[in-house]
Amino acid sequence: MLKQIAAVTAINLRSIPQRFWLSLSTVVAVALVVMVLLSFLAMSAGFRRTLASSGADDIAIVLRAGARAELNSVIGRDQVRLLEDAPGIARDPQGKPLTSAELYLVVDGIKRTTGTKANLPLRGIGESGAAIRKGIRLVEGRMFEPGRNEVVVGKSLLREFSGFELGRSVKFGTSQWTVVGVFEAEGSVFESEIWADLPVVQSLFNRPNTFQILRARLTDPGALAALKAYNDGDPRLKLDVKSEKDYFSEQSSQTSDLIQKLGWPLAIAMAFGALAGALNTMYSSVASRSVEIATLRAIGFGGFPAFVGTLVESLLLAGVGGVIGAVATFLIFDGFSAATLGASFTQIVFSFELTPALIGQGVALALIVGLIGGLLPAIRAARMPIVQGLQG
């Protein structure tokens, strides 16, 4: 039986050049399906990685109770002072709490690729704002000076949006600001932001004595429980406290899940088109080899080798299409930079990331198309009457 299967399979594969253009159309259709799916999955993975790399276990995030994002959170100055005295918060050598009360606003930016307006995050931070974040490093210029209309911009934001080059003047609201520095943050979401002096932002945007988020460095990750207990036990607070890692995990899941929910249905819809092409190709393959199949059956070959041989041909064509689609997606999209709206309705710059696991999903979808597309033609080949085949 194994020898028969090997012989029939070899005959099938050697006959592929006789149906070159039809076979090629199936390979191309499957490759396009895989490219569409993997491009969406790579987008989702890159977005999730950018936000996941931004969070730390030893940084606490404090928001207004029920707020899902900074944009709809408000924290008063008195609450900030109470939190600075909370247990579990680390302090510098002078005994000052390592906290950063911040203001998060939306300003306009222009995309380099399209020339259209987009929402960008302007973050007002104090002197500890950069220090409590990991991997912050100036790559051009200097840090903004307190009390002045100066900003520093993230390297990723500068790459995707125009008008923020070092030394340029930009207008936010009714005020002009000067770009004095460019920083990097190990590829995290902070590279998609614009930073300015907190008191200046509060003054020019008429937000005195209010903040939207408090970041606090903890003595260790386990100290988060003590901070939560302190918050829950004081009726003047009653805020939401979570680790920065958990916060960004929640932020990333909303958008990345949406991207995947768009990618899979589109890929499956295209897969039906590829499936039709595979069926057409394999029925043509069986029809063109009807005499060969009938002859083999007449000299003692069984129907099962014809079934397996046809199915292997279909799987091979689909597998080749899957591999081509995966390679093309990697060459075109892996590391490709893009920007999309995050949970705070501002642009987040990220890079597509095509992982081996995602490639496996794409090739698996291709093989499923090949399996379904080859199944009915394979059954037809196995059940073909000898007389009918010889007449073909």
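Strands here are DSSP E runs of at least two residues, helices are H or I runs of at least four, and both are numbered from the N terminus. Two strands pair if DSSP finds at least two bridges between them. In this pairing, K111 sits opposite F161 of β7.

Quick note before going on: this is a predicted model, where local features need pLDDT of at least 70, side-chain atom pairs count only at pLDDT 80 or more, and totals for chains, interfaces and linings use all residues. Residues are numbered from 1 along each chain as its sequence is written, and side-chain values use heavy atoms, leaving out hydrogens and water.

Back to β3. It covers residues 99–111, and it pairs with β12 (residues 213–217) in the antiparallel sense over four bridges. There, T99 has A216 as its bridge partner. β3 also pairs antiparallel with β4 (residues 117–125), over eight bridges, and V106 faces P121 there. The hairpin of β3 and β4 has five residues between the strands, and G115 takes a positive phi near 75° in it.

Now, the helices. α9 (residues 303–333) and α10 (residues 356–383) pack at about 155°, with axes 7 Å apart. So α9 is roughly antiparallel to α10, a label for angles over 145 degrees. Axes are lines fitted to C-alpha atoms, for helices over the stretch in contact, with angles from 0 to 180 degrees between N-to-C directions.

Definitions and conventions. Angles under 35 degrees count as roughly parallel, over 145 as roughly antiparallel, 65 to 115 as roughly perpendicular and the rest as oblique.
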